[in-house]
Amino acid sequence: MAKETKETAPEQPVNPHLKSKAKRPKRRVGLWTYIISIVVALGIGIGGTYWVIGRSVNQQLANMQQTSTAMKKIQSVYATISQNYYQPVNENKLANGAINGMVNSLGDKFSEYMDKSETESLNDTIDSSFSGIGAQVQKSGSYIQIISPIAGTPAKKVGLKPKDIIKKVNGKSIAGKTLTQAVNLMRGKVGTTVKLTVERAGKTFTVSLKRAKIPVTTVDYKLVGGKKKIGYITVSTFSTNTAKEFKTALKALDKKGAKKLVIDMRGNPGGLMTAALKMASMFLKNGKTIMQVQARDSQAEKYVAGKKYDGGYKETKPTTVLIDGGSASAAEIFSAALHQSAGVKLVGSQSYGKGTVQTVSTFSDKTEMKITVAKWLTPNGTWINKKGLTPTIKANEPSYASLTVLSKVSDLQAGKVNDNIKTLQQYLKAMGDFKGSANGYFGASTTQALKHYQKKAKLPATGKVNKKTLTKLEVQLAQKISDHDRAYNAAMKLMSK
């Protein structure tokens, strides 16, 4: 879950036990390394391993407190405002504002200062199930962008997709809110409803989601391919138990007689870096590079496969890995390691491209600061940030796989012209019922196409749109997308040779 997140590339910070503790910016601090990816509401974050770099974050903060010109200026502004502003000023609010200003000046969406409530909210999510919508998100300009919906969650069921922009929650704009604040708005009790206004490819629509417990199981597997006996494993995120679950899946498939493996990392926004290291090491010969981490002004540090990570368990079956635009951070670490250090082919589309490492420092007032402190590199030294991994075999989804959700029945009336009608026509075209050009005009050809679809779907053939027709249409299109999974089919073809 995966799966700013706890580890990754794409929501929550990580295991509190792995975070640094500092009563105030002092020298002593453990660095919680994680490759960020924020799980929206949800789920699992990404997260951490200890990683010591030259000077700790708190050492740097301590150095900043010295009598430098910059600090004198900050202290002067603080004193002037607190003593002379025409109304009383909350000193904590003033200090937090200064800290936020400094962090925000970095222009880095993965660096953030979190107040007490934000910190508590983020820390709630690493080792248990969560009540939310089930999507990994990150900050994108003034709004929130979905990295990937988690399989089986409300976000996935209503059709939310990577790169969707969440603009409103329950009708209220989230412009200017922090990532954590926006995530908190999407969380709530199981069974309650939250309404999101979403923008996709320039079009805006609204969806209602019923909050649910987000599953903690992050690995699923089955034997496919008939006599070919191919083990198919999906990994939704990299959390505390993922490596253990993954090893269990490999052993179970081995007992079932699996001869080859297809590992699906699509839609996986990342998670704990340690999980990625353990899992990748299982496929690599000891001593082979899994990844590299490079801090400022330092040589890259290599992480290599070995018993330290895999406990001596090795997997040698022919393997391929599926990736897409929702594969980020730890998912990219795993995929790149197998590709470059074990010759495994990648199938699908370009991955997300999250190539930076963050650390989290916890202060005595229970606030936290996370900042980007390093790059992570693939085994051969490539930095994939904002570029992603390029698949060996490209297999993109069909164009209809990215259609927006049809939410306003009132827009879908005969005689009207709008973008929602154009999307409806594209739905019907994908289902083989609409033959004309999707121009957004609800005319005779659209009415006829609807009647044809409704008859085929065993619905009243009225040629009019109602909620029942929309629901059936969306469900059947989703099934068609699943049935025509180009990347999966390409991987199966590759493994069947």
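1. Two strands pair if DSSP finds at least two bridges between them. Helices (H or I, at least four residues) and strands (E, at least two) are DSSP runs, numbered from the N terminus. By that rule, strand β14 (residues 219–224) and strand β15 (residues 230–235) pair in the antiparallel sense, over six bridges. Lys222 stands opposite Tyr232 in β15. Asp220 stands opposite Thr234 in β15. The hairpin of β14 and β15 has five residues between the strands, and Gly225 there takes a positive phi near 80°.

2. A note on the basis. This is a predicted model, in which local features need pLDDT of at least 70 and side-chain atom pairs count only at pLDDT 80 or more, while totals for chains, interfaces and linings use all residues. Residues are numbered from 1 along each chain as its sequence is written, and side-chain values use heavy atoms, with hydrogens and water left out.

3. The sheet. Six strands form an open sheet with mixed pairing, in the order β14-β15-β16-β19-β20-β23. β14 and β23 (393–394) stand at the edges with a single partner strand each, so one side of each is left without a neighbour in the sheet. Helix α14 (residues 486–495) packs on the sheet and touches β14, β15, β16, β19, β20 and β23. Its direction makes about 170° with that of β19. Axes are lines fitted to C-alpha atoms, for helices over the stretch in contact, and angles run from 0 to 180 degrees between N-to-C directions. Helix α10 (residues 330–342) lies across β16 (260–264), β19 (319–323) and β20 (345–348). α10 runs at about 145° to β19.

4. Val219. This residue is found in strand β14. How buried is Val219? Its relative accessible area is 9%, so Val219 is buried (buried means under 20% relative accessible area, exposed over 50%, partly exposed in between; 1.4 Å probe, protein chains only). The C-alpha atoms of Val219 and Val235 are separated by 4.7 Å, with the two residues 16 apart along the chain. Leaving out residues up to four places away in sequence, Val219 touches Ile233, Thr234, Val235, Thr242, Glu245, Phe246 and Ala249. Contact means heavy atoms within 4.5 Å.

5. Helix α8. Helix α8 (residues 273–281) is mostly covered, with seven of its nine residues buried. These are Met273, Ala275, Ala276, Leu277, Met279, Ala280 and Ser281. α8 packs with α10 at an angle of about 20°, with the axes 9 Å apart. The two helices are therefore roughly parallel to each other (angles under 35 degrees count as roughly parallel, over 145 as roughly antiparallel, 65 to 115 as roughly perpendicular and the rest as oblique). Met273, Ala276, Met279 and Ala280 in α8 meet Ala330, Ile333, Phe334, Ala337 and Leu338 in α10. By class, that contact has nine nonpolar, no polar and no charged residues. Ala, Val, Leu, Ile, Met, Phe, Trp, Tyr, Cys and Pro count as nonpolar, Asp, Glu, Lys and Arg as charged, and the others, Gly among them, as polar.

6. α11 against α13. The axes of helix α11 (residues 419–430) and helix α13 (residues 467–483) come within 10 Å and cross at roughly 50°. That makes α11 oblique to α13. The crossing is left-handed (the near helix is turned anticlockwise from the far one by less than a right angle; clockwise is right-handed). Leu424, Tyr427, Leu428 and Ala430 in α11 meet Leu473, Glu474, Leu477 and Lys480 in α13. The residues of this contact are six nonpolar, no polar and two charged.

7. α2 against α3. Helix α2 (residues 69–84) and helix α3 (residues 91–104) have axes that come within 11 Å and cross at roughly 145°. The crossing is right-handed. Ile74, Tyr78, Ile81 and Ser82 of α2 make the contact with Glu91, Leu94, Ala95 and Met102 of α3. Six of the contact residues are nonpolar, one is polar and one is charged.

8. Backbone points to check. Most residues other than glycine have a negative phi. Which phi does Lys163 have? Its value is positive, near 80°. Lys163 lies in the loop between α5 (154–157) and β9 (165–169), and is exposed, with a relative accessible area of 62%. Lys366 has a positive phi of about 70°. Lys366 is found in the loop between β21 (356–363) and β22 (368–377). Lys366 counts as partly exposed, at 49% relative accessibility.
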